[in-house]
Amino acid sequence: MESISPVYSAATEKRYSPPWADLSIIGIAGSSGSGKTSVAMEIVKSLNLPWVVILVMDSFYKSLNPDQHAKAHRNEFDFDCPDALDFDVLVNTLKDLKQGKKADIPVYSFAHHQRQPQTTTLYSPRVLILEGILALHDPRIMELLDVKIFVEADMDVCLGRRIMRDVRERGRDIDGIIKQWFTYVKPSYKYYVEPQRSVSDIIIPRGIENKTAIDMVVKHIQRKLEEKSEKHSAELHELKKIAADLQLSPNVLMMPQTPQFIGMNTILQNPETEQVDFVFYFDRLASLLIEKALDSASYDPSFVNTPQGTTYNGLNPVGVMSAVAILRGGSCLETALKRTIPDCITGRVLIQTNARNEEPELHYLKLPDGIETHATVMLMDPQMASGGAALMAVRILIDHGVEEQKIVFVTCAAGKIGLKRLTTVYPRLKVIVGRIEEEREPRWMEKRYFGC
């Protein structure tokens with residue numbers, strides 16, 4: 001598939017496609033017991049990268065009706081033919097992940113031969129390895145794959161591995177496993193699995209023992225990732241040039257530089273300030289920022305009868321307000337958040353910028369349930385320099401259904417170019433900033449706050 005440019009400009013807007021969009025998908029097919037999972041795990045180990053996921057096709061088995069369920073328990077249901085798998089759901093899942101969206105992965109119980117009601121949420125990883133006996137069967141999936149691998153092994157070896165796996169992991173008896181093998185698995189290999197060999201890019205005989213073939217696959221993936229990273233960095237630099245020529249957005253609200261506010265910043269900037277004092281004044285300053293952010297929330301008119309018998313024309317907040325901290329720096333703002341909004345629902349994302357290519361990388365994600373229905377979502381980070389992590393964090397919230405105009409980004413200090421870059425891509429986003437600092441100022445606030 002043609003890759004998506006990280007930045008594209010239309011007549012009225014500019015958009016940002018994050019580095020995890022158009023992820024690399026590797027398909028690994030082969031007979032049951034051929035060593036596909038071991039090869040996939042060896043690739044993950046050799047890549048030695050954060051955010052690489054193995055997606056097992058077995059999760060996408062269709063739910064069985066009562067008659068099929070009874071046959072499955074008698075080892076009389078064919079799980080190795082294409083009709084047993086829900087390819088439509090799998091294709092839609094891969095398309096969502098390819099576009100940088102989150103997906104809900106089904107959970108299948110082999111002990112009960114049924115899909116479970118719960119799902120596993122997967123956010124688009126950097127590399128996804130699709131592993132299954134029919135990973136190269138559906139033409140729609142083939143179009144999404146960057147590398148197609150077929151793992152070969154002697155069928156007797158495959159049977160031995162399957163017996164060991166199904167007895168140990170799936171609670172099956174040996175007679176049932178052998179019956180299933182000769183009735184369904186071996187015939188399906190001839191009709192459905194082996195033909196995938198001819199459409200694969202790489203054939204790996206002997207599975208995990210074939211270090212040369214695995215090394216070739218790993219180097220190919222690394223080259224693809226390096227090309228995408230270079231393209232993303234170049235496009236971010238282009239966005240920086242576009243943003244530099246623009247005025248600061250009216251949605252960027254800098255705190256009034258009152259004597260009190262400047263005085264607190266003076267204490268925080270002073271390297272001789274003790275940590276206990278730093279934490280005290282940082283929490284005070286952060287509370288002012290969060291209070292300012294509350295002005296950007298939605299309110300409805302409310303009339304209150306006072307004890308004096310008069311009517312007060314007031315306001316009540318609309319809906320739920322939640323907050324998401326960009327770790328680890330965003331944690332500094334949580335004390336002030338709880339003091340200002342004690343019952344505020346919170347979430348966290350861990351985003352770290354790769355020092356080599358300045359590309360933001362998502363390492364952890366935990367958002368509040370139903371965040372897409374919340375009236376206001378505060379996104380918190382004490383410092384923003386280039387805006388890369390902020391761009392990624394906002395994109396994550398939008399991908400999870402949060403409307404752009406409902407997001408309020410709260411930061412103690414930010415570079416002007418980073419602010420312009422962020423608001424150029426997300427013009428409806430509101431930003432509350434304590435002060436605008438020199439460009440490329442190193443992050444130091446969380447280090448002082450936590451003392452390490």
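Strands here are DSSP runs of E with at least two residues, helices are DSSP runs of H or I with at least four, and both are numbered from the N terminus. I took two strands as paired if DSSP finds at least two bridges between them. Opposite aspartate 300 I found asparagine 316 of β12. Five residues lie between the strands of this hairpin, and glycine 309 takes a positive phi near 85°.

**Source of the model.** I note that the model is predicted, that local features need pLDDT of at least 70 and side-chain atom pairs pLDDT 80 or more, and that totals for chains, interfaces and linings use all residues. Residues are numbered from 1 along each chain as its sequence is written, and side-chain values use heavy atoms, with hydrogens and water left out.

**Overall counts.** I read 13 helices and 19 strands in the protein. Of its 452 residues, 50% count as buried; buried means under 20% relative accessible area, exposed over 50%, and partly exposed in between, with a 1.4 Å probe and protein chains only. Among contacts (heavy atoms within 4.5 Å) between residues at least 6 apart in sequence, 72% join residues at least 24 apart.

**Parallel sheet.** I traced an open sheet of five strands in the order β4-β7-β3-β8-β9, with parallel pairing. Its edge strands are β4 (52-56) and β9 (202-205), each pairing on one side only. Neighbouring strands are turned by 20° against each other on average, direction ignored; angles run from 0 to 180 degrees between N-to-C directions, and axes are lines fitted to C-alpha atoms, for helices over the stretch in contact. Strand β8 (residues 147-152) is joined to β9 by four bridges, and valine 151 stands opposite isoleucine 204 in β9.

I then checked which helices pack on this sheet. Helix α1 (residues 36-47) touches β3 (24-30), β4, β7 (127-131), β8 and β9, and its direction makes about 150° with that of β3. Helix α3 (residues 87-98) touches β3, β4 and β7, at about 165° to the direction of β7. In β9, I found Ile202 and Ile204 on a covered face, with Ile203 and Pro205 on an uncovered one.

**Helix pair α8 and α9.** I looked up helix α8 (residues 259-269) against helix α9 (residues 275-294): they pack at an angle of about 145°, with axes 9 Å apart. The contact includes Phe261, Met264 and Leu268 of α8 and Phe278, Tyr281 and Leu285 of α9. I sorted the contact residues of this pair into nine nonpolar, two polar and one charged; Ala, Val, Leu, Ile, Met, Phe, Trp, Tyr, Cys and Pro count as nonpolar, Asp, Glu, Lys and Arg as charged, and the others, Gly among them, as polar.

**Cysteines.** I searched for disulfides, taken as pairs of cysteine sulfur atoms within 2.5 Å, and the count comes to zero. The sulfur of cysteine 332 is 8.0 Å from its closest cysteine sulfur, in cysteine 412, so it is too far for a bond. Cysteine 332 counts as buried at 0% relative accessibility, and cysteine 81 counts as buried at 15%.
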